[in-house]
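Here is a friendly walk through one protein model, from its packing to its sheet. Take a look at the structure first, and then we can go through it together.

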Amino acid sequence: MDISDETQNFLERHNFTLNIADNLHKKIIEDMKKGLKTGGSDQAMIKAGSAAVRKIKEGESAIVIDAGGTNFRSCIVTKTKDGIEISDFEKTVMPAIDRELNKKQFYQAIAQNISRLKDRSNKISFCFSYAMAITEDGDGKIIRFSKEVKAPEAVGTYLGKELLAELKIQGWTKIKKINVLNDTTALLLSSFVEKSEKNWGAHLAFILGTGMNSAYIQNKRIIVTECGMFSNLPQSDFDKTVCSRTTQPNQSLMEKMCSGAYLGNIATEMVKTAVREGFFSPSYAAPEYFDTKDFDKYFAKTEKELSSDELKLKELFYVIITRSAKLSAEAIYAAAFCSDKEKEELPICITCNGSTFWKTPLLKQTAEARLKDLLQQPFEIIQIDDDITKGSFAAAFID
């Protein structure tokens, strides 16, 4: 789609440009190296543990826990001759959502949630999608809670150690260790257990949903970048307005320009400004607010089915999506550049998760096209069913 002169002029007046993505990966990589070497980078650069998943034998199983958002999920995962089998799945409310719990109550509630799975495996893998520091032995120290979880006494405790102690109190006998990981690590590891005819030269993960993150393997260790925190970016007037309403307006600018939690807000501010400046016809009644999902209906129609004002609206949405896609591609390339590569001729496996990436019109295709320009090595972007569960399962078999 060509951007009309009128649209281009409007965007330039408000410092909205797609050029900010050009060669941005160089700045992202520099920030990544700084974070790993000395700290003080935008991106957190979390060393999340070994990626050495051993070959899982048929019949081996693990108890998998996934605590993220307001939901707490648990199940048994088993390697079968046909692939990965998920059984006895249960979803309930995350402990400490409805009321504040002390440390003891918090771990008792987790143990109670998985009581039906008692001693059905000697392994537990716990995907915990809240801020934590991963230790060398695969445990996780809780840094803080978000998403309305109220368990302040649990902050600073070691998730695996405390849960294991509680399980022993409740009569569990088989579990010797609990592996702790976050969702981005689990996403990366999911490609190690997914049945595939291909041999991969490298593995990395990228999430673009409500938030944004990436992970890759360097020196056989998983590095979670928290790439959404990268903030060395010029902002448009619309970005500044949206960011000013957040609790940390000068942080995580990449995420605020790319992820599903913010694209609708950017579109809303852009359209409001355009209406004030007479960009649309006087009779056009613009919606009060846009959600990222609202983009779909305009891209599902042909140009003949849209009014002239709706075509202009579609053009504005197009540049928002394109910028998100190109910035995402720069972040993915940075992770690929820093990844261990077994063989340069083998394709890079890029496992992606997130409705913004997979469902926003043209976003995946635009990001993919940009990556083809950047990467010398072949690559494939894949989506894996039950990726977090399968990746958490894989984590139980890291040597």
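This is a predicted model: local features need pLDDT of at least 70, side-chain atom pairs count only at pLDDT 80 or more; totals for chains, interfaces and linings use all residues.

Two residues are in contact when heavy atoms lie within 4.5 Å. Leaving aside residues up to four places away in sequence, Ile 350 touches Leu 204, Ile 332, Leu 371, Phe 379, Glu 380, Ile 381 and Ile 382.

Ile 350 also belongs to the largest nonpolar core, which has 70 residues. Together with Phe 206, Met 254, Leu 316, Leu 327 and Leu 371, Ile 350 touches the most other members. Helix H10 (residues 308-338) supplies the largest share of this core, 17 residues. In soluble globular proteins, nonpolar side chains tend to be buried together.

Now for the sheet. Six strands make up an open, mixed sheet, ordered E1-E11-E10-E9-E12-E13. Strands E1 and E13 are the edges, each pairing on one side only. From one strand to the next, the twist averages 20°.

| Strand | Residues |
|---|---|
| E1 | 46-50 |
| E9 | 202-208 |
| E10 | 212-218 |
| E11 | 221-224 |
| E12 | 348-353 |
| E13 | 379-382 |

How many bridges join E10 and E11? Four bridges link E10 and E11, in the antiparallel sense. Tyr 216 stands opposite Ile 223 in E11.

Finally, helix H5 (residues 183-193) lies across E1, E9, E10, E11 and E12. Relative to E9, H5 runs at about 135°.

Methods: Residues are numbered from 1 along each chain as its sequence is written. Side-chain values use heavy atoms; hydrogens and water are left out. Two strands pair if DSSP finds at least two bridges between them. Helices (H or I, at least four residues) and strands (E, at least two) are DSSP runs, numbered from the N terminus. Axes are lines fitted to C-alpha atoms, for helices over the stretch in contact, and angles run from 0 to 180 degrees between N-to-C directions. A nonpolar core is a set of buried Ala, Val, Leu, Ile, Met, Phe, Trp, Tyr and Cys residues joined through side-chain atoms within 4.5 Å. Buried means under 20% relative accessible area, exposed over 50%, partly exposed in between (1.4 Å probe, protein chains only).
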